[in-house]
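Open the structure in your viewer and keep the selection tool ready. This tour goes stop by stop, saying what to select and what is there.

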Amino acid sequence: MDRRTVLKGLAGAGGLALSGGLSAPAIAQGASARTLRFVPQANLANFDPIWGTQYVVRNAAALVWDTLYGIDSSLQPQRQMVESEETSDDGKTWTFKLRPGLKFHDGEPVLSKDVVASLSRWAARDPMGLMIKALQQELTAVDDRTFKWVLKQPFPKMLYALAKNNSPCAFIMPERIAQTDPFKQIGDYVGSGPMKFAKGEWVPGAKAVFEKFADYVPRQEKASWLAGGKQILIDRVEWIVMPDAATAAAALQNGEVDWWESPIADLVPVLKKNKNISVDIGDPLGNIGSFRMNFLYPPFNDVRARRAVLMAMSQEDYMRAIIGDDNSLWKPLPGYFTPDTPLYSEMGGEILKGKRNLDAAKKLLAESGYSGQPVTCLVAQDQPITKAQGDVTADLLKQLGMNVDFVATDWGTVGSRRAAKTPPGQGGWNMFHTWHAGADCINPAPYTAIRANGDKAWFGWPTSPNTEKEVSSWFEAKNLDEEKAAIGRLNKAALDDVVYAPTGFFLSYTAWRKNVSGIAKGPLPFFWGVSKTA
Amino acid sequence: MLSYILRRIVATLPVMAIVALFVFSLLYIAPGDPAVVIAGDQASPEDVERIRQGLGLDRPFLIQFGSWVWRILHGDLGTSIFTNLPVSAMIGQRLGPTLSLMTVTLLLTIVVAVPLGVVAAWKAGSFIDRAIMAFAVFGFSLPVFVVGYVLAYIFALELEWLPVQGYTPLTEGFWPWLQNLILPAIALGCVYIALVARITRATMLEVLQQDYIRTARAKGLGQGGILFIHALKNAAVPIVTVIGIGIALLIGGAVVTESVFAIPGLGRLTIDAILRRDYPVIQGIVLLFSFVYVLVNLMIDVTYTLVDPRIRY
């Protein structure tokens with residue numbers, strides 16, 4: 001072997017590697033007016049909306065899988081795949097009939113057996129599904145288009161459960177896919193939604209492609225969120241994942257992408273100045289910032305310590321840390337439910353209103369018996385919202401005279417450590433920060449964070465019998481007035497016991513090129529009705 | 001020579017085994033849980049536990065490690081916890097962009113850094129030398145992402161000459177491929193160019209003091225011939241070494257560069273996998289990178305014989 005041979009070999013190998021089978025699909029080039037290039041809020045790393053319940057999976061799944069009912073912009077369930085439904089006089093038997101002509105992407109018709117299998121898988125994972133499953137006597141296919149759900153007692157929120165946009169949604173899959181264990185991931189992505197998933201073009205972490213499903217039969221009604229006619233006006237949607245916000249902003253300005261779902265607040269002024277870009281509030285239901293205190297260990301196992309923190313905290317501080325100086329993007333939240341929705345309540349919210357009383361808070365903290373032990377505060381530094389909140393909390397606790405053990409870490413570690421029930425000094429914790437989509441906080445059904453059933457509750461394991469009592473009252477409510485009354489009492493009970501600390505309500509923007517039209521405000525990006533000109 | 005290469009390749013196996021054990025152990029004890037990420041923020045602790053069981057993450061360390069090694073021995077890097085795709089397929093999807101970026105950066109570095117170092121040595125102490133060395137310090141000091149943002153702002157947003165982000169495979173044409181790589185390669189190459197230029201200058205300065213260079217000058221050889229044929233060839237061994245070591249820098253730098261320029265390469269796959277705790281993917285990539293690094297060292301050793309025929313193995 002001489003050196004010429006080696007050099008030729010190296011050059012040949014390099015050329016082969018660069019031009020041959022190692023190539024990946026184009027990310028940036030060749031877009032046309034029939035292709036919409038979209039930058040999602042996060043990476044689509046898996047694509048099973050029942051197994052993985054992240055919002056980004058739900059958002060992509062809404063293109064590929066349809067639901068029996070869909071929630072509309074007035075938060076009401078509307079028929080989607082269903083043509084009609086009947087309830088027995090005792091309210092225990094629901095009989096549903098599917099619309100004719102529904103087809104899966106593989107050409108097979110959508111049958112009742114597919115629905116039964118899909119609902120069974122969904123009910124094993126969804127909080128409302130679990131409630132229905134606990135009441136279930138039988139779920140059966142009557143004929144190809146009719147299925148029946150027989151319960152042991154009435155469940156008035158049935159249609160809401162089937163329509164809700166909270167993850168996991170009750171998506172309908174072919175029976176062969178829906179029979180997959182709900183705790184294992186599916187590998188076949190056939191749905192009956194308005195777009196097909198181009199599995200061959202999927203580069204997890206970089207790109208996902210959806211193509212228009214020609215055989216989809218939209219409803220005749222006007223589209224409204226997940227309800228109505230899902231008319232697809234483009235041939236192809238490309239989801240281009242961009243981990244760096246500055247790059248996404250530059251790509252939008254440069255016309256390399258058409259729609260950026262969640263621009264960060266710092267870059268919005270730049271986008272607003274660009275004459276080719278529109279910027280508006282993306283989701284009017286916004287988000288609720290929060291931090292949770294661990295009910296299992298001192299000092300927050302004492303309600304007085306929790307109330308002392310609530311008494312001293314300034315929601316404005318938190319919101320300014322998250323949003324900046326744009327006052328139109330946030331509002332104080334003396335409660336737990338999403339502002340401007342039918343069940344919003346401020347009952348019991350006095351503790352979060354008005355001038356903050358640090359002295360009274362210090363006194364209450366002292367009464368709780370706090371004696372300077374470290375307070376382990378988990379703060380994910382890789383999530384701007386949690387980092388901002390964590391910094392404010394650390395300052396707040398110091399002002400209260402607390403000994404802060406500030407654990408700066410990443411979200412993955414917080415996600416794992418918050419599940420530890422061990423004492424704070426032995427791998428456990430006292431506080432962690434997060435936030436909740438406003439769409440999940442419109443009522444108690446999808447609102448895991450508001451539950452206060454101790455060991456079975458969300459992290460922090462709050463115990464508040466009064467809160468739980470009012471959750472049940474809401475589920476049993478027969479009309480909106482009863483629901484409102486139950487939520488008012490629930491809000492007060494949860495604040496009295498400080499199930500968690502709400503840090504405020506905030507909105508975020510979405511941005512798109514002006515040659516794109518039809519973008520609707522909502523809790524997820526809706527692609528039906530969206531069109532693009534060259 | 002051939003037997004030497006084979007011996008070296010065989011010698012990589014224990015290195016890889018140690019890397020495998022180290023990586024697996026480190027991930028096992030590292031905080032974080034992929035089941036939590038999969039289940040989503042609203043999931044109950046019971047749901048998370050069921051997912052952990054489904055993924056086999058609740059099994060003892062030795063059983064998990066044993067089954068992983070067994071699969072590796074059968075050429076199976078496993079399946080991604082999140083995507084349900086084979087790790088080898090995911091790496092295959094991402095290899096092209098990273099290889100392209102590293103190749104263009106490497107070529108750019110050699111074409112720019114070596115002549116700069118040679119000229120700096122030739123004009124040692126002059127304004128040109130100082131300017132080149134100032135550039136080298138500049139290149140060392142600026143983080144890759146800062147250079148990347150500045151380049152994207154000037155050449156993509158302001159001048160609109162090049163795209164901000166993305167990757168186009170070579171199969172779709174040379175220029176589309178190259179135009180997506182120019183800015184990332186410059187951003188990534190800055191540190192590398194600075195390093196190689198400084199080493200070239202230092203080595204050349206030493207060589208230019210040698211007697212045979214004075215002899216060459218006395219024989220009336222031209223400056224170009226002296227610098228690039230006689231001096232550079234004799235200074236090549238340390239330069240080649242640094243270029244090789246620098247490939248490790250490229251692997252690290254690619255992680256940042258690929259994020260800044262949204263290139264779907266191995267660097268981004270690594271970051272995504274770490275943030276999600278996608279253990280099989282992390283393990284597969286680290287094994288690949290360690291293998292590449294061992295291979296690069298082997299190539300450097302072989303290259304010594306090409307640039308200096310006195311070296312024999």
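**Stop 1: the nonpolar core**

Start with A:Leu44, A:Ala60, A:Ala308, B:Val196 and B:Ala197: of the 234 residues in the largest nonpolar core, these touch the most other members. Now select helix α9 of chain B, residues 182-207. This helix gives the most to the core, with 15 residues. Bear in mind that the model is predicted.

Stay in chain B and centre on B:Val196. Which residues does B:Val196 touch, leaving out those up to four places away in sequence? They are B:Thr109, B:Ala113, B:Val114, B:Gly117, B:Ile239, B:Val242, B:Ile243 and B:Gly246.

**Stop 2: chain A as a whole**

Chain A has 15 helices and 21 strands. Its radius of gyration is 25 Å, close to the 24 Å that the globule rule gives for 534 residues, so chain A is as compact as a globular protein of that length. Along the principal axes, the C-alpha atoms of chain A fill a box of roughly 80 × 75 × 50 Å.

Colour by burial next. Of the 534 residues in chain A, 52% are buried. Then look at contacts in chain A between residues at least 6 apart in sequence: 71% of them join residues at least 24 apart.

**Stop 3: an open sheet**

Select seven strands of chain A, in the order β8-β9-β10-β1-β11-β19-β12. They form an open sheet, and the pairing is mixed. Which strands stand at the edges? They are β8 (195-197) and β12 (277-281) of chain A; each has a single partner strand, so one side of each is left without a neighbour in the sheet.

Zoom in on β8(A). Strand β9 of chain A, residues 207-212, pairs with β8(A) in the antiparallel sense, over three bridges. Pick A:Phe197: its bridge partner in β9(A) is A:Phe210.

**Stop 4: where the chains meet**

Bring chain B back. Here 52 residues of chain A are in contact with 61 residues of chain B. On the chain A side, select α1 (3-19), α7 (245-253) and α13 (411-417): these are the elements that give two or more residues. The largest share, six residues, comes from α1(A).

Finish by colouring that side of chain A by residue type. Its residues divide into 21 nonpolar, 22 polar and nine charged.

Note on methods: Residues are numbered from 1 along each chain as its sequence is written. Chains are lettered from A and ligands numbered from 1 in the order in which they are written. This is a predicted model: local features need pLDDT of at least 70, side-chain atom pairs count only at pLDDT 80 or more; totals for chains, interfaces and linings use all residues. Two residues are in contact if their C-beta atoms, placed from the backbone, lie within 7 Å. Helices (H or I, at least four residues) and strands (E, at least two) are DSSP runs, numbered from the N terminus. Ala, Val, Leu, Ile, Met, Phe, Trp, Tyr, Cys and Pro count as nonpolar, Asp, Glu, Lys and Arg as charged, and the others, Gly among them, as polar. Two strands pair if DSSP finds at least two bridges between them. A nonpolar core is a set of buried Ala, Val, Leu, Ile, Met, Phe, Trp, Tyr and Cys residues joined through C-beta atoms within 7 Å. A residue is buried if 20 or more other C-beta atoms lie within 10 Å of its own, exposed if 12 or fewer, and partly exposed in between; C-beta atoms are placed from the backbone. The radius of gyration is taken over C-alpha atoms; the globule rule is 2.2 Å times the number of residues to the power 0.38.
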